[in-house]
Amino acid sequence: MKNILITGITGMLGKAVLNYFSQFNEYKIFGISRQVGFEIPNVTMFYGDLSSQEFVSNIDLKSYYAIIHCSAEVNVNLCEIDKEGAYNSNVQATKNLVSCLKAEKYIYISTDSVFDGQTGNYSEDSLVNPLNYYAETKLQGEKIVEETVTNFYILRTNIYGFNKTFKNSLFEWGYTQLSSGNTINGFDNMYFNPMYIGQLAKFIEVLINSTTPFGTYNIGTNEIISKYEFLMKIVSGFNFSDDLVNKIYFNQEEFVAMRSLNTTLNTSKINRIIEDFDFSIDTGFSMLKNDFINL
């Protein structure tokens, strides 16, 4: 069996990766979580803080087929306020992981926010210029991976999805407000090409069993949409009223951390290598609706 270690296994993306990989008998799943005592059937759990080198060094099993690093502090405003916490979660934790544990393949989940959003359609070779501390720490994590190991996949992406207990991701916020009949605002001048967490989990499983060369890859849907259009997809997908979403322009002054307006990713590189994977945003939303119904 192939040993797979998933960090942040109790988080939104970590759970999606776990759920997808659990369908296959060829994987033995290991997970890391800060939530002590949070047991998952058929998963060997390690409880602790990845930013502690002592914790990571003392993990019993130190060699894996793949380590999928989903753990991160993704609250952009919180990262700006608590920079030490952001650094520990996104940089130090990554350093400990790649330094102390061995794997045939390391998968580091990065972000489209490493780009400043001035032009969009960014390729893997485009100039990086993070505008906020969250993006800066994710970029530092990329550099640590590149400098420490050679057998890595850095995946720059933007994800959407939901937790069993709703939190405050874009989909969760939008759905919660719309289902309560509240009017919300959608930014029509902020663009991205996001992937559903279940879609990304499926891609990761395909990736680690492919002959794809190691390196950095942009992973996103083939379609580009605005944040307003994303919210309208929730409206149409769950039969809410169109009148509940106002189309507005993003105003930076209303936010603690700087945001990029156009982080759209050029995904032609990965599309050329893995030709038969479905990167459609409609496929992602169909997967989301199916998972939501079965929640």
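I take patches as residues with over 30% relative accessible area and no salt bridge, like charges being joined within 9 Å and nonpolar side chains (Val, Leu, Ile, Met, Phe, Trp, Tyr) within 5 Å. A salt bridge is a side-chain nitrogen of Lys or Arg within 4 Å of a carboxyl oxygen of Asp or Glu.

The model is predicted: local features need pLDDT of at least 70, side-chain atom pairs count only at pLDDT 80 or more, and totals for chains, interfaces and linings use all residues. Residues are numbered from 1 along each chain as its sequence is written, and side-chain values use heavy atoms, without hydrogens and water.

**Patch.** I looked up Leu78, Ile81 and Val256. They form a nonpolar surface patch with about 290 Å² of accessible area together (Shrake-Rupley, 1.4 Å probe, only the protein chains shown counting as cover for residues). Leu78 sits in helix 3, residues 76–81 (helices are DSSP runs of H or I, at least four residues; strands are E, at least two; both numbered from the N terminus). Leu78 is partly exposed at 37% relative accessible area (buried is under 20%, exposed over 50%).

Next I traced the open sheet: 7 strands, order 3-2-1-4-5-6-11, parallel pairing (pairing needs at least two DSSP bridges). Strand 3 (43–47) and strand 11 (215–218) are the edges, each pairing on one side only. The twist averages 20° from one strand to the next (axes are lines fitted to C-alpha atoms, for helices over the stretch in contact; angles run from 0 to 180 degrees between N-to-C directions). Strand 2 (residues 27–33) pairs with strand 3 over 5 bridges. I find Thr44 of strand 3 as the bridge partner of Phe30.

**Helix.** Helix 4 (residues 83–100) lies across strands 1, 4 and 5, at about 160° to strand 5 (contact is heavy atoms within 4.5 Å).

Methods: Buried < 20%, exposed > 50% of the residue type's maximum accessible area, 1.4 Å probe, protein only.
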